[in-house]
Amino acid sequence: MGLFNKKKNVNYISGKEARRISKENRKITNEIEKQRKRKHIPEEEYMTKMRDENNVVEFDNVQTYFFTDVGTAKAVDGVSFDVPKGKTVGIVGESGCGKSVTSLSLMQLVQRPQGQTVGGEIRFQADGKCYSIAKTPTSVMQKLRGNQISMIFQEPMTSLNPVFRIGDQVDEVIKLHNPQMTKEQVKARTIEMLQLVGIANCEGVYRMYPHELSGGMRQRICIAIGLACDPKLIIADEPTTALDVTIQAQILDLLRGLKDRINSSIMLITHDLGVIAEMADYVVVMYAGRVVEKGTVQEIFKNPAHPYTIGLMNSKPVVGKEVERLYSIPGKVPNPINMPNYCYFKDRCEMCVKACDGAYPEEISLSPTHKVSCYRFADQTKKEVK
Ligand SMILES: Nc1ncnc2c1ncn2[C@@H]1O[C@H](COP(=O)(O)OP(=O)(O)OP(=O)(O)O)[C@@H](O)[C@H]1O
Ligand code: SF4
Ligand SMILES: [Mg+2]
């Protein structure tokens with residue numbers, strides 16, 4: 001199947017070529033959508049088994065592609081990592097490396113029809129069942145979202161509707177997931193949630209509009225909405241990027257406290273290594289749609305192995321350390337439509353070895369939890385990483 005555009009120069013394509021690609025894409029995406037839109041899909045089709053029962057989510061070689069008119073963008077290309085029960089997994093990486101698309105794939109919220117999870121498996125465990133997310137029908141997904149998985153976004157103003165009062169917006173979510181509740185019960189739960197996220201004047205805020213609140217308060221409301229149904233997994237995509245530092249610390253404290261209270265797991269997406277160091281148990285480092293390194297937070301911070309992770313650590317300012325100029329990783333990320341057939345980081349890497357001319361490096365285990373995809377470790381998996 002002529003799935004992917006192999007043309008070398010993707011910066012310019014003719015109208016004729018774009019039409020051909022678009023026709024080919026439609027054929028592929030229509031086929032996937034037809035499968036997905038079938039009525040009465042039997043449960044056996046989307047039920048699966050976890051590799052390890054202690055995980056809430058397992059990403060197993062997940063591939064999510066965007067079939068655009070200029071070619072196929074492999075936004076997430078073979079991503080594997082686990083989110084253990086009750087733990088926080090931090091995902092870091094440069095802008096555009098596929099962090100959000102990874103989490104949206106888990107929610108089945110990737111922009112369709114051009115965006116599709118075409119390979120691998122995302123396993124999600126809840127209520128004694130294990131779902132293979134990419135095969136799960138939309139109607140079942142709607143029940144999982146909010147009830148079992150909830151998402152907190154970067155900019156709270158865009159998640160709230162400016163023309164409805166705060167109370168109505170929280171009520172609506174609680175009502176949707178608990179249709180048996182009476183109006184009074186719903187309101188009582190909303191007030192309880194507002195108290196839980198540290199809103200002092202709950203009754204007053206219940207009647208306010210989003211624009212009447214500060215950024216930090218709006219993010220608290222979003223967290224209240226996200227956690228209203230005690231989800232098993234909270235996905236927080238840059239939850240504090242739009243907030244100032246003191247509010248950021250409060251929101252992170254709040255998230256941590258709530259996570260322990262309802263015993264859920266957090267997938268925390270951020271650019272900020274400081275946030276990761278403070279919050280995460282495990283770290284996943286992504287680069288150009290792939291996981292280049294993963295491990296416990298101690299392993300990644302004390303012993304970063306991949307040159308990209310080392311670069312990230314060096315570009316972090318350290319209080320008290322005088323530097324002439326803050327380090328920045330040279331070069332830029334390859335074009336997602338035309339990825340090289342060697343290590344994606346090679347053109348920016350300052351630590352190349354001879355083997356780097358070969359195919360994309362395999363994942364190497366440095367410890368049972370610490371994995372890296374880099375040729376520097378090809379023959380020295382047992383040696384200490386400098
Ligand atoms: N709707 C879309 N159509 C085509 N390509 C898309 C679409 N959404 C995302 N992409 C591509 O997928 C890649 C990954 O995007 P993603 O939003 O996951 O990055 P990110 O790591 O979350 O970045 P940021 O840190 O800026 O939020 C990018 O190259 C982007 O161009
Ligand atoms: S495989 Fe080679 S080019 Fe790629 S990150 Fe490792 S050392 Fe650098
Ligand atoms: Mg993002």
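Me: Is the crossing of α9 and α10 left-handed or right-handed?

Reply: This is a predicted model, in which local features need pLDDT of at least 70 and side-chain atom pairs count only at pLDDT 80 or more, while totals for chains, interfaces and linings use all residues. Residues are numbered from 1 along each chain as its sequence is written, and chains are lettered from A and ligands numbered from 1 in the order in which they are written. Helices (H or I, at least four residues) and strands (E, at least two) are DSSP runs, numbered from the N terminus. A crossing is left-handed if the near helix is turned anticlockwise from the far one by less than a right angle, and right-handed if clockwise; that of α9 and α10 is right-handed.

Me: How is α9 oriented relative to α10?

Reply: Axes are lines fitted to C-alpha atoms, for helices over the stretch in contact, and angles run from 0 to 180 degrees between N-to-C directions. Angles under 35 degrees count as roughly parallel, over 145 as roughly antiparallel, 65 to 115 as roughly perpendicular and the rest as oblique. The axes of α9 (residues 215-227) and α10 (residues 245-262) come within 10 Å and cross at roughly 15°. The orientation of α9 to α10 is therefore roughly parallel.

Me: How many nonpolar residues does the contact of α9 with α10 have?

Reply: Two residues are in contact if their C-beta atoms, placed from the backbone, lie within 7 Å. On this basis Gly215, Gly216, Gln219, Arg220, Ile223 and Leu227 of α9 meet Ile247, Gln250, Ile251, Leu254, Leu255, Leu258 and Ile262 of α10. Ala, Val, Leu, Ile, Met, Phe, Trp, Tyr, Cys and Pro count as nonpolar, Asp, Glu, Lys and Arg as charged, and the others, Gly among them, as polar. The contact of α9 with α10 has 4 polar residues and 1 charged residue, and its nonpolar residues number 8.

Me: How are α6 and α7 oriented to each other?

Reply: Gly167, Val170, Asp171, Ile174 and Lys175 in α6 meet Val186, Lys187, Arg189, Thr190 and Met193 in α7, and this contact has 4 nonpolar, 2 polar and 4 charged residues. The crossing of α6 and α7 is right-handed. Helix α6 (residues 166-177) and helix α7 (residues 183-196) have axes 9 Å apart and pack at about 115°. The helices α6 and α7 are therefore roughly perpendicular.

Me: Which element gives the most to the side of domain 1 that touches domain 2?

Reply: The protein chain is divided into domain 1 (43-278) and domain 2 (290-385), with bounds that come from an automatic or database domain assignment. Taken over C-alpha atoms, their centres are 29 Å apart, and the contact takes 18 residues from domain 1 and 11 residues from domain 2. The elements giving two or more residues to the domain 1 side are β2 (71-84) and α11 (273-279). With 10 residues, the element that gives the most is β2.

Me: Which element gives the most to the shell around ligand 1?

Reply: A residue is near a molecule or strand if its C-beta atom, placed from the backbone, lies within 6 Å of it. Ligand 1 is surrounded by 16 residues, of which Ala75, Ser95, Lys99, Ser100 and Val101 are the closest. The elements that give two or more residues to this shell are β1 (55-68), β2 and α3. With 3 residues, the element that gives the most is α3.

Me: How many nonpolar residues does the shell around ligand 2 have?

Reply: There are 14 residues around ligand 2, and those that come nearest are Cys343, Lys346, Cys349, Cys356 and Cys374. The shell has 1 polar and 2 charged residues, and its nonpolar residues number 11.

Me: In which loop does proline 113 lie?

Reply: Most residues other than glycine have a negative phi, and most peptide bonds are trans. A cis peptide bond, with omega about 0°, joins arginine 112 and proline 113. The loop that holds proline 113 is the one between α3 (99-107) and β4 (115-126).
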